[in-house]
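Colleague: Could you take me through the sheet and the charged pairs of the model shown here, with the reasoning behind each reply?

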Amino acid sequence: MQNKRAGTGKGKAPFFTTHPSRADTFTESVIREMTRLALKHNAINLAQGFPDFPCPPGLKTAACEAVKDDINQYAITWGAKDLREALARRVKTFNRMTFNPETEITVTCGSTEAMMASMLAIIQPGDEVVVPEPFYENYGPDAQISGAAPRYVPLTDDLSIDEEKWKSVFSKKTRAIIINTPNNPTGKVFSKQELSFIADLCIEHNAVAITDEIYEHIVYDGHKHVSIGSLPGMEDRTITIGSFSKTYSVTGWRVGYALADAALTDRIRKIHDFLTVGAPAPLQRACVAALDLPESYYKELAMEYDRKRQILYKGLKKAGFACELPEGAYYLYTDISSFGMSDTDFARHLVETAGVAAVPGSSFYANGGETKLRFTFSKKDETLQEACKRLETL
């Protein structure tokens, strides 16, 4: 007898539901799609933001030792106690925020889960979430999955805030705003003055600021990272999201965290528990070792990425791309208007003919971005130099 299970044939099984799903309102990740295309064409992957160089040796040793020490079963759902305590110390020193590790810190499966758990924890269907654009591609779908209506508000051409436009998107329906600083894809670092303006809007409209700060240690040219949760009046209305992925070059470990006051954390932990139960236990132990690294590590990290930033910037400019040096993070956001192709067509052209993968700009907008491409410089110097060489063929 022929197997007629749903999904095994080219057509829909007769009993397959015709009801719409939240998944019908957005596409799969364009960034991960470009990685698959890069692998297919043996291209240099400057699309997905992961390093092609190793993490600090001490972290690898700590991870191996944790497995050898049989730290292989479930940790406490909201995170191993030693990691939460280490996070509390680090955040107090660097971010100027104080959290009780027992009631206000949740360790998650990467910052992606931290964002999704936070959204589900505070959103009711019909709420609105303000999303500045361009935005990291997850934020729009996160709002839709949680049942919220995203309200997009653009940054200006020079990446500053048009205060009147931002005021206009806040309303009595606004439940939250998503802030990403340093920003992916643009590299913008929000100033204390800009964050104070956003904080005032949140306080006025009783909204929560969900702030993604995973690039907090990767800033350049004297820019300073400021956590909006450290500003007056934001202590109990901010969810600060972080991750070990970018700072310590361990994107595959999937260990992140959400910091919030006890009332918000109680809700986040409930959602987190039923989403993933907990983050990988041996890697949580290794992340404690990461937080014990000296301050010199963070200075050297920024210096190394500054060097890589300059390599790719010069190569892109030489190849005819219009771009500015980013203030933070590890991406270059380029204008491709002069090439006369749409972002998706040009991205595919680059992979297939030049052997370099980038991300189409439209994946960072609800509508727009067709004249943009994003490149990452989170790669070895020789990888970036080879990519620049290939781009010269344009």
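**Sheet and salt bridges**

Modeller: In this predicted model, four strands form an open sheet in the order β9-β10-β13-β12, with antiparallel pairing.

Colleague: Which are the edge strands?

Modeller: An edge strand of this sheet pairs on one side only.

Colleague: Is threonine 376 buried or exposed?

Modeller: Threonine 376 sits in strand β13, and its contacts beyond four places in sequence include Leu312, Tyr330 and Leu384. Its side chain also makes a polar contact of 2.8 Å with the side chain of serine 378. Because the relative accessible area of threonine 376 is 0%, and the limit for that class is under 20%, the residue is buried.

Colleague: How many residues apart in sequence are the parts that arginine 90 and glutamate 295 tie together?

Modeller: Arginine 90 and glutamate 295 form a salt bridge, with their closest N and O atoms 2.5 Å apart. Since arginine 90 belongs to helix α3 and glutamate 295 to helix α10, the parts tied together are separated in sequence by 205 residues.

Colleague: Which helix holds aspartate 381, the residue paired with lysine 308?

Modeller: The side chains of aspartate 381 and lysine 308 meet in a salt bridge at 3.0 Å, N to O. Lysine 308 lies in helix α10, whereas aspartate 381 lies in helix α12.

Methods
Residues are numbered from 1 along each chain as its sequence is written. This is a predicted model: local features need pLDDT of at least 70, side-chain atom pairs count only at pLDDT 80 or more; totals for chains, interfaces and linings use all residues. Side-chain values use heavy atoms; hydrogens and water are left out. Helices (H or I, at least four residues) and strands (E, at least two) are DSSP runs, numbered from the N terminus. Buried means under 20% relative accessible area, exposed over 50%, partly exposed in between (1.4 Å probe, protein chains only). A polar contact is a pair of N or O atoms within 3.5 Å; within protein, one must be able to donate a hydrogen and the other to accept it, and residues adjacent in sequence count only if both atoms are side-chain atoms. Contact means heavy atoms within 4.5 Å. Two strands pair if DSSP finds at least two bridges between them. A salt bridge is a side-chain nitrogen of Lys or Arg within 4 Å of a carboxyl oxygen of Asp or Glu.
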